[in-house]
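Please take a moment with the sequence and the 3D view before reading on. The paragraphs below are meant for someone meeting this structure for the first time.

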Amino acid sequence: MQAIRPRPSSRTLGACAALALFASPALAHDGEVGGFLSGILHPISGLDHVLAMVAVGLWGAQLGKPQIWLLPITFPLVMAIGGAAGLMGFPLPGVEIGIAGSAIALGALVLLEAKPPIWASMLLVAAFAIFHGYAHGTELPEDQSGALYSLGFVISTGMLHALGIAIGAIHRWPKGEAALRAAGGVVAIGGMFFLATSLGWIA
Amino acid sequence: MNASADTARITARDARPGAATRTAAASCAPVALALCACASPASAHLVQSGVGPFYDGAAHLFLSPEDLVVVLALALLAGLYGRDVARRLVLTLPVAWLAGMVLGSRMPGPSDAAWLPIASLAVGLLVAIHPKLASILPAVLAAAIGLAHGFYNGRAITETSTSPTAGAGIVSAVAVCSLLIGALATAMDRPWQRIAIRALGSWAAAFSLLVLAWAYRPTPPASTAPAAESPMTSGE
């Protein structure tokens, strides 16, 4: 006699996922909810951050294994070191220039389909992550939960990397390869705009 | 004939490593999602769930990122190292957490819990790096971390005159979380899934480092320091 094992169908999972959308919001504490939301929104709200973080995923996807996972693991870890430096009040000059420069460099690397050694790609991404983390650390709002803000922005950063990797999956097709390089060019141009803004060349 | 072939196929499928765990985890997923959908709004850290102290305690874990992240990171670590390690975690972590709560409610000890994220930082790094470890090490880590976190929970329960039933809620939530996440991580045995787990470990480590920096930053305002945010952890 054949045993029937309960297996959730995709329809069941879909229905449950839809139900989850109607979940009541957790009204834990205004400062804490605000902290989490601020953390989630912080990397997204600045296009310079978005460009650089998505570009990390694009470059990782273009480089393939093992950088496809090494880069998105390196970035948040080193970004946290930068964030800690910002919180502790260590001085770091040229943060905005560094952030814009990271978008230019990462975009250019994708555009040129550069393939440096593994250690060099990790070092480069780590160096850029310091600037992004520092900016997050210094902009952490005092009246909100530091833990939830940190949790929010680490998750948000990771999601941006994942978005970059997902977009970078087009690399496996010949036309996608060209499109990916073009996307790198767009990132680099965006970075140039933000560099010009931070240097005061554009109001 | 067809029936025997089906049976053989099912047996072969279930004999695959992680098949039973995967099925169990998949079966739990709709229940967990449905529970999320039915959840009442939580209006404070611990005592406002509206359904009694047990659920206040259970909700506390999910409203305390410092506690939740270390449980998740430990479960991911155990899951990375296989089914046996994950099983040990499910036993070790809640028991150690409970023992720590008992100790914390009866013994004097340090009141500053701001150092606790060092544990989740270390565990997150281990998940991200995934080095070769003795199979007993995750259980040892879980015991030490469970004792430490439970200790501060126990202190807080005593100092705030909270019902001890809340402690049972916390331990139950720790057990359920480590069971579900450990099972899920064990079942995620494809290369990209292992990478996703390691990426999550790096997130846990990054979060912990930032929380530590937040706690020890110069002149933190007393009202927003992490020690004050999580009364069950800090002992406030």
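This is a predicted model: local features need pLDDT of at least 70, side-chain atom pairs count only at pLDDT 80 or more; totals for chains, interfaces and linings use all residues.

In chain B the secondary structure comes to 11 helices and 0 strands, and the order of elements from the N terminus on is accordingly α-α-α-α-α-α-α-α-α-α-α. Chain B has 236 residues, of which 48% are buried. When contacts in chain B between residues at least 6 apart in sequence are considered, 82% of them join residues at least 24 apart.

Side chains of opposite charge can pair when their charged atoms come close. How many salt bridges are there over all chains? The count comes to 3 salt bridges, and each of them can be located in the view.

One of these pairs belongs to chain A, where the side chains of Arg181(A) and Glu113(A) meet in a salt bridge with an N to O distance of 3.7 Å. Arg181(A) lies in helix 8 (residues 174-198) of chain A, whereas Glu113(A) sits in the loop between helix 5 (95-111) and helix 6 (118-138), so the pair ties together parts that are 68 residues apart in sequence. Arg181(A) counts as partly exposed, because its relative accessibility is 34%, while Glu113(A), at 17%, falls under the 20% limit and therefore counts as buried.

Arg87(B) is partly exposed, its relative accessible area being 49%.

Another salt bridge in chain B joins Glu159(B) to Arg155(B), with the closest N and O atoms 2.9 Å apart. These two residues are found in helix 7 (residues 137-159) of chain B, where they stand 4 residues apart, about one turn of the helix. Is Arg155(B) buried or exposed? With a relative accessible area of 11%, Arg155(B) is buried, whereas Glu159(B) has a relative accessible area of 43% and is partly exposed.

Terms used: Residues are numbered from 1 along each chain as its sequence is written. Chains are lettered from A and ligands numbered from 1 in the order in which they are written. Side-chain values use heavy atoms; hydrogens and water are left out. A salt bridge is a side-chain nitrogen of Lys or Arg within 4 Å of a carboxyl oxygen of Asp or Glu. Buried means under 20% relative accessible area, exposed over 50%, partly exposed in between (1.4 Å probe, protein chains only). Contact means heavy atoms within 4.5 Å.
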